[in-house]
Amino acid sequence: MTQYILAIESSCDETACAIIKNGNEILSSVVSSQINIHKLYGGVVPEVASRIHVENISLVIKSALEQANVSMDDIEAIAFTQGPGLVGSLHVGVQAAKTIAWLYDKPLVPLHHIMGHIFANTFVDKLEFPLMALVVSGGHTEIVYMKDEYSFEIIGETQDDAIGEAYDKVARVLGLPYPGGPEIDKLAKEGKAFYKLPMPKTENEFDFSFSGLKSAVLQLIQRERKQDHEINKADVAYAFQEVALHSLLSKLVKAVGVYQPKQVVLAGGVAANSRLRVVIQEMMKQYPNIHLTIPPLWCCTDNAAMIGAAGSVAIKYNKTNDLTLAVKPSMEL
Ligand code: KG4
Ligand code: ZN
């Protein structure tokens, strides 16, 4: 029987709804981004984000159903991001999901945002287990080991800032607009190896740390200014990116060597980074038998299609819920 899932994502600053057929076919994926508004403030303002979600959510859902040309009768379940994320933003998606579920008597499938990012890869590739996912976003930096499709072991994670957060903060220091990740990505292409920044250190060999690196960039800029040196922004972006990515990927490759997964997948907004996509391919050449999947740009950043794909897997494991559920802003994978 054909399965249709209606999926909702509203954990940060994207209001999104998608209709997914049989787990990996996108009938529609509507994403309403708030970036242009948050840009005015230099970052996401949570109160503003939840208000805009309220304004947009019904239109986004209506439009996803229309574009997919399915009716609510066809829908098997409502999948949505339960957490982690901004509490006010999550509330809007969860309340919309619960309202539809009640009205049309459909089961609810609460999902972890990161499970969505990982399963975004099913739109472009078959997933083979054991699998290792490198999750890199504005809120997460994790190496997740999955021995099967519904098992998630975090074998390394950031001890402080997420890598996307570090990109955004460094961009801010350099006077670049929000979101800073794509700006640094672009600018670093014009940069060269000139400034030196320290390689982050952590106790656990697979953990990450980016706040020291971010502070080192700030100190570098202050030092140069004090000495009346003109700062070459492109060189700073280059230096930051090389250290951040080298630290990230050297740990991933080490973990791959220890765990020997069948497949490695990239996930999350920072997976859109052009340099990361090149370096990971180069570094993974030492494991020619391990399949590497790099998702296309459209499925790296937040969307609801990925929540639908994850929802289809969760349904197989009976992870449905009733109307009593609530948001989980600090939800664990
Ligand atoms: O997954 P995502 O859309 O939202 C979260 O779940 O956080 O990721 C957003 C993050 C932001 O920090 C943004 O700056 C970063 O992904 N990002 C990038 C690039 N595109 C987006 N970072 C580096 N290079 C990029 N090209
Ligand atoms: Zn995300």
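Leaving aside neighbours within four places in sequence, which residues is Lys98 in contact with? They are Leu108, Leu323, Thr324 and Leu325, where contact means heavy atoms within 4.5 Å.

This is a predicted model, in which local features need pLDDT of at least 70 and side-chain atom pairs count only at pLDDT 80 or more, while totals for chains, interfaces and linings use all residues. Residues are numbered from 1 along each chain as its sequence is written, chains are lettered from A and ligands numbered from 1 in the order in which they are written, and side-chain values use heavy atoms, with hydrogens and water left out.

**View 1. Lys98, a buried lysine without a salt bridge.**
Look for Lys98 in helix H3, residues 87–104; helices (H or I, at least four residues) and strands (E, at least two) are DSSP runs, numbered from the N terminus. Lys98 is buried, and buried means under 20% relative accessible area, with exposed over 50% and partly exposed in between (1.4 Å probe, protein chains only). A salt bridge would take a side-chain nitrogen of Lys or Arg within 4 Å of a carboxyl oxygen of Asp or Glu. For Lys98, the nearest side chain of opposite charge is Asp322, 7.5 Å away (Lys and Arg count as positive, Asp and Glu as negative; His and the chain ends are not counted). What the Lys98 side chain does reach is the backbone oxygen of Leu323, at 2.9 Å.

**View 2. Val92, also in helix H3.**
Val92 counts as buried because its relative accessibility is 12%. Not counting residues up to four places away in sequence, Val92 touches Ser10, Ser50, His53, Val54 and Ile57. Ile8 is 84 residues away along the chain, yet the C-alpha atoms of Val92 and Ile8 are separated by 9.9 Å.

**View 3. Ile118 in helix H4.**
With 0% relative accessibility, Ile118 counts as buried. Its contacts, leaving aside neighbours within four places in sequence, include Leu131, Val144, Met146 and Val265. Cys300 sits 182 residues away along the chain, with 9.4 Å between the two C-alpha atoms.

**View 4. The largest pocket and its lining.**
Here, about 1200 Å³ of space lies in the pocket. The lining has 42 residues, and Ser137, Gly138, Asp168, Tyr178 and Pro179 lie nearest the centre. As for the method, a pocket is an open set of points on a 1 Å grid over the protein atoms alone, where a 1.4 Å probe fits, with protein on both sides within 12 Å along at least five of seven lines; lining residues have an atom within 4 Å of a point. Points are joined across faces, edges and corners, and the volume is the space filled by probe spheres set on them.

**View 5. Salt bridges, 8 of them in the whole structure.**
Lys192 pairs with Asp235, their closest N and O atoms being 2.6 Å apart. This pair links distant parts of the chain, 43 residues apart: Lys192 is in the loop between H6 and helix H7 (211–226), Asp235 in helix H8 (residues 233–259). Asp235 is buried at 2% relative accessibility, whereas Lys192 is partly exposed at 45%.

Key: Polar contact = N/O pair within 3.5 Å; in protein donor to acceptor, adjacent residues only side chain to side chain.
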